[in-house]
Amino acid sequence: MTSYTAPVDDYVFLFHDVLKLHEHRDLPGFADFDPEFTRGLLQGLADFHEKVLHPVNRAADEEGARLENGRVRTPGPFKELARQYRESGWLAAGVPERLGGAGLPPVFGAVSSEFSVATGQSFRMYFSFCAPAAEMLDALAEPWIKEHVVPRLVAGEWTATMAMTEAHCGTDLRQIRTRAEPLSDGTWRLRGSKIFISGGDNDLGENVVHIVLAKVPGPDGRIANDLSSVNVFLVSRRRIDPETGALGAENGVGVGSIEHKMGLAGSATCVMNFEDAIGHRIAAPGRSGAAANMAAMFFLMNYARVGVAMSGIGYTEIAQQNAAAYARERLSGRATRGPVNPAGPADPIIVHADIRRLLLGARAFAEGARALGVKIAFMQSLARHGEDEAEKTRCEDLMAVMTPVMKAYCTDKGFECANDCLQVLGGHGFIAEYGLEHFVRNARVGQLYEGANGIQALDLVKRKLTAHQGRPRASFFGTIERFVAAQAGTPGAAPYVRPLAAALDVLGDVLDRATAADASDPDASAAAAYDILTMFGIVAVGWAWAEIACLILKGETSHLGDDAKARKLALARVWMAREMPLVRALADRALLSSEPLMGVPSDLI
Ligand SMILES: Cc1cc2nc3c(=O)[nH]c(=O)nc-3n(C[C@H](O)[C@H](O)[C@H](O)COP(=O)(O)OP(=O)(O)OC[C@H]3O[C@@H](n4cnc5c(N)ncnc54)[C@H](O)[C@@H]3O)c2cc1C
């Protein structure tokens, strides 16, 4: 059995020393955010995840979800967990108060995502679309849906799915075949099949509402082979009476099968068949075309990506805690600088440089990326509710750049770090008993769902950085450059700030040259995109570490003891010394032409 202690102290430090949330009480959701309130809140959240969810997680994944008579049966403990989750109030903690939630801000959502993924992602996935779907429907749906569906999602009595993927297309949604035809009463009839739908059915709530992508015929009755015909529909597993909200007959929505997966077996990943199912179109009022049609889906996807980014941090945290504990106990070989356990047959493996490489690399990622994650989550509040227009725009820009970077880089590193932690246990890492292989298998999915990581890289390089005449790029670089300049007088800051400044210069140069090369080599920036995204990830986590180091050096922390300060500075040095140099190596590769990749005929690959 693995152990887990939620990083409550680290979040209190980040919230109050780094982000100074207590100075933003005028922002919605922050009124109570003083350090005492934060600690109590986070400890309550930690207790649920440490004591209730974590103990049953492994067994639930071993049991798995199964299909019985066309209905999904979730693992044994999940019904009781669902009851406790609903009653605890954590499910709706981030939902605005006017919708029945606790109105906690997105920084809290980031913490919740980390804790829940580390301790029970399979369970959490059944409920993960409840809050985002409720908020999306409240913004975009007809009044009867707001009245009858939204409150049930907020209460977790019903669950929601996001149903986009089809067997022949996941990334390229232009190819969707599910069709929706208008009916005379204003509803729509949907026919088609979706695959990989998380929580497509379950026995944890009374009903499931599917947010479904389907194509509608144009005025000539033909269906266009592009995104212009793709619309979003709410399709309930059971029909809903718009007058009373009462559930009626089944609605032509069936589960074809449950996928057998590499991990997350407790989460039912379903083939969903829509056979003459009745749906309700959800579109942005007052807008037209694809922007209106797809508004609902973008709402859900952006929400999901920040949570997915935190999953990489959650898996790293729990894997590192367990691997470090093992490394303190496991005896093998002797420390090169003299025995530390002379009375014993050997020293603990934590003395060895290679084990420290694995453990410190994972810890430096977890704590640096966590600092970055809450910074970006806080920017959501500033972008939405801040008063200074220029600052709001800067926050929007940083979120635009950092959403694909965090989603892809944090899930890549999360898998890598969980795998490194498995390595600490040697052969014991590979067998089920110690639990590390479970984390590695589960962490893998973050890299490929919610938009595969390669697609995130293209989105960053081809769209996000160049939008608004390059303004998001300028905001990202300008923010870090101003931070670097402001540290000129901070004693002892050079080992943290100089590598950051140097890496930022390299990144800027690569961006200029890779995008300019597209003129003569059409695949140049696409071939470089993944390396560029990884460079952004390393630099952005380095920025978070440099900020922490400078705060400590300036004596501006009140939530870290002396040992914790020394530890944070040591981890910041690990990042600067061991990760930042990779930026230069990645730059060399990013600046190659695309020829080594594109010059090889497909049949020779
Ligand atoms: C456990 C699990 C849960 C999921 N849950 C849901 C869910 O709830 N709802 C839902 O709708 N979907 C869900 N998915 C589906 C998931 O989002 C898709 O698998 C993902 O979007 C990728 O689509 P695909 O599998 O069809 O791969 P493809 O789109 O076929 O892509 C295959 C590879 O090709 C690359 N690629 C594709 N197109 C391009 C291009 N134009 N340029 C460069 N590279 C390209 C991709 O990056 C990827 O590496 C889930 C998947 C899993 C495994």
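## Asp10 in helix 1

In this predicted model, Asp10 is found in helix 1, the helix that spans residues 8-18. Asp10 counts as buried because 21 other C-beta atoms lie within 10 Å of its own, and the threshold for that label is 20 or more.

Once the neighbours within four places in sequence are left aside, Asp10 is in contact with Glu367 and Arg370.

## How helix 1 meets helix 2

The axes of helix 1 and helix 2, the latter made of residues 35-63, come within 10 Å of each other and cross at roughly 145°, and the crossing is right-handed. On the side of helix 1, the contact is made by Val8, Tyr11, Val12, Phe15 and His16, whereas helix 2 contributes Pro35, Thr38, Arg39, Leu42, Gln43 and Ala46. Sorted by class, the residues of this contact are seven nonpolar, three polar and one charged.

## The shell around the ligand

There are 23 residues around the ligand, and of these Met164, Gly170, Thr171, Ser198 and Ala452 come nearest. The elements that give two or more residues to this shell are strand 3 (158-163), strand 5 (188-198) and helix 13 (453-464).

Seen by domain, the shell draws at least three residues from each of domain 2 (158-287) and domain 3 (452-597). Seen by class, the shell has twelve nonpolar, eight polar and three charged residues.

Note on methods
Residues are numbered from 1 along each chain as its sequence is written. This is a predicted model: local features need pLDDT of at least 70, side-chain atom pairs count only at pLDDT 80 or more; totals for chains, interfaces and linings use all residues. A residue is near a molecule or strand if its C-beta atom, placed from the backbone, lies within 6 Å of it. Helices (H or I, at least four residues) and strands (E, at least two) are DSSP runs, numbered from the N terminus. Ala, Val, Leu, Ile, Met, Phe, Trp, Tyr, Cys and Pro count as nonpolar, Asp, Glu, Lys and Arg as charged, and the others, Gly among them, as polar. Domain bounds come from an automatic or database domain assignment. A residue is buried if 20 or more other C-beta atoms lie within 10 Å of its own, exposed if 12 or fewer, and partly exposed in between; C-beta atoms are placed from the backbone. Two residues are in contact if their C-beta atoms, placed from the backbone, lie within 7 Å. Axes are lines fitted to C-alpha atoms, for helices over the stretch in contact, and angles run from 0 to 180 degrees between N-to-C directions. A crossing is left-handed if the near helix is turned anticlockwise from the far one by less than a right angle, and right-handed if clockwise.
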